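Good morning, and thank you for coming.

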Amino acid sequence: MKTWLGLISIAALATACTPAPQDNADTTPDATAMNDADADTATAAEEAAPPPGTDIHLFALDWSGDAPVLAASLGGVTRPGYDNQPFFTDDGGLLYTAGDETGETDIWRLDLASGETTPVTRTAGESEYSPRIAPNGQLSYIFQPPGGYAGNAYLANPDNTDRAPAEALAPVGYYGFSGDMSKVAVFHLGEPMTLQLIDRTTTPETVTHIADNPGRSFFRAGRGPALYVTLADEAGVHTIHALNTQTGELREMFALPGTSQDFAVAVLPDDRITFIAVHEGQLLWRAYGGWERIGAIDWLSGVTRLALSPDLTTLAIVAEE
């Protein structure tokens, strides 16, 4: 079983420009951030404020048949400041967003075997967040220009060279590419917040409004064209939907527990898909038409983001410091 004997500490982070803090300890702008202080009227002090302190906790995940079992703690990334938005890579790494004392953010990589951390982006005056590896193998993230508020989805080489916008619509907070890279679904900031589907094969790109009030989780899983997203009702309950990126059709699936908007997707060896979420200090999985308990994580507070390694053995959970 993999273990990390210590928690990772990052001594210095490059300067970049970070978005204004939002609820639930995630720096990417959302409806709460926009309602509290519109980007056009935000003060310089608000724009420069450091993001909230969050840590990334890693846990081993065992499986008993189809059922996940929470196992040992594996350490993680904990230090004063913002560490969030984890994404596991196929080569044994964990990408994440890290902030510094200026309130700016860069993308870092944790090597799961050695525990070493290295910067992926070191961009003075700019910010990058929501890192992923796109289906075509490129690095993807949300780019925020100097002095800006959010931006659009970017693609780059794994070392952040040859970066370029993947789509023109802005401001965008979250995103997910289709398997063939022809489409990208985005969380578009506005009044209201909207889920938009962009066809990248047309010139100019074709933008289709799909729904209002999306959540921040976008997951592609399985071999089909589906992206899994959530939509919120007036009570703040998020329901997972499957978005067909080829047709734009939404298929309603089931509600997340409580008012959580964060989940992880597990693709089982036989290509079946299950979901993992957190509610009231309990890690849950979607089983047999309902949510079943995996294990307690009640010593963590303010849990938000979840990520699962491709081999289903390691779970990342973001919580408040």
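Please find Ser-260, in the loop between strand S18 (250-255) and strand S19 (264-267). A word of caution before we continue: this is a predicted model.

Is Ser-260 buried or exposed? Its relative accessible area is 17%, and because a residue under 20% counts as buried, Ser-260 is buried. Which residues does Ser-260 contact, leaving aside its neighbours within four places in sequence? They are His-238 and Val-278.

Let us now step back to the whole chain. It has two helices and 24 strands. Of its 321 residues, 56% are buried. Among the contacts with a separation of 6 or more, 46% are between residues 24 or more positions apart. The chain exposes about 13,000 Å², and carbon and sulfur atoms supply 50% of that area.

Four strands form an open sheet in the order S3-S4-S5-S6, and their pairing is antiparallel. Strand S3 (83-88) and strand S6 (117-119) are the edge strands, each pairing on one side only. From one strand to the next, the twist averages 30°. Strand S5 (residues 105-111) pairs with S6 over three bridges. There, Trp-108 has Pro-119 in S6 as its bridge partner.

My last topic is the backbone. Most residues other than glycine have a negative phi, and most peptide bonds are trans. Pro-171 sits in the loop between strand S10 (164-165) and strand S11 (172-177). Another joins Thr-203 and Pro-204, where omega is about -5°. Pro-204 belongs to the loop between strand S13 (194-199) and strand S14 (206-212).

As for positive phi values, Asp-162 has a phi near 55°. This residue lies in the loop between strand S9 (152-156) and S10, and it counts as exposed, at 64% relative accessibility. Asp-271 also has a positive phi, of about 75°, although it is not a glycine. It is found in the loop between S19 and strand S20 (273-279). With a relative accessibility of 36%, Asp-271 counts as partly exposed.

Thank you for your attention.

Notes
Residues numbered from 1 in each chain as written. Predicted model: local features only at pLDDT ≥ 70, side-chain atom pairs only at ≥ 80, totals over all residues. Heavy atoms only, no water. Buried < 20%, exposed > 50% of the residue type's maximum accessible area, 1.4 Å probe, protein only. Contact = heavy atoms within 4.5 Å. Areas by Shrake-Rupley, 256 points an atom, 1.4 Å probe, with all protein chains shown as cover. Pairing = 2+ DSSP bridges. Axes fitted to C-alpha atoms, helices over the stretch in contact; angles between N-to-C directions.
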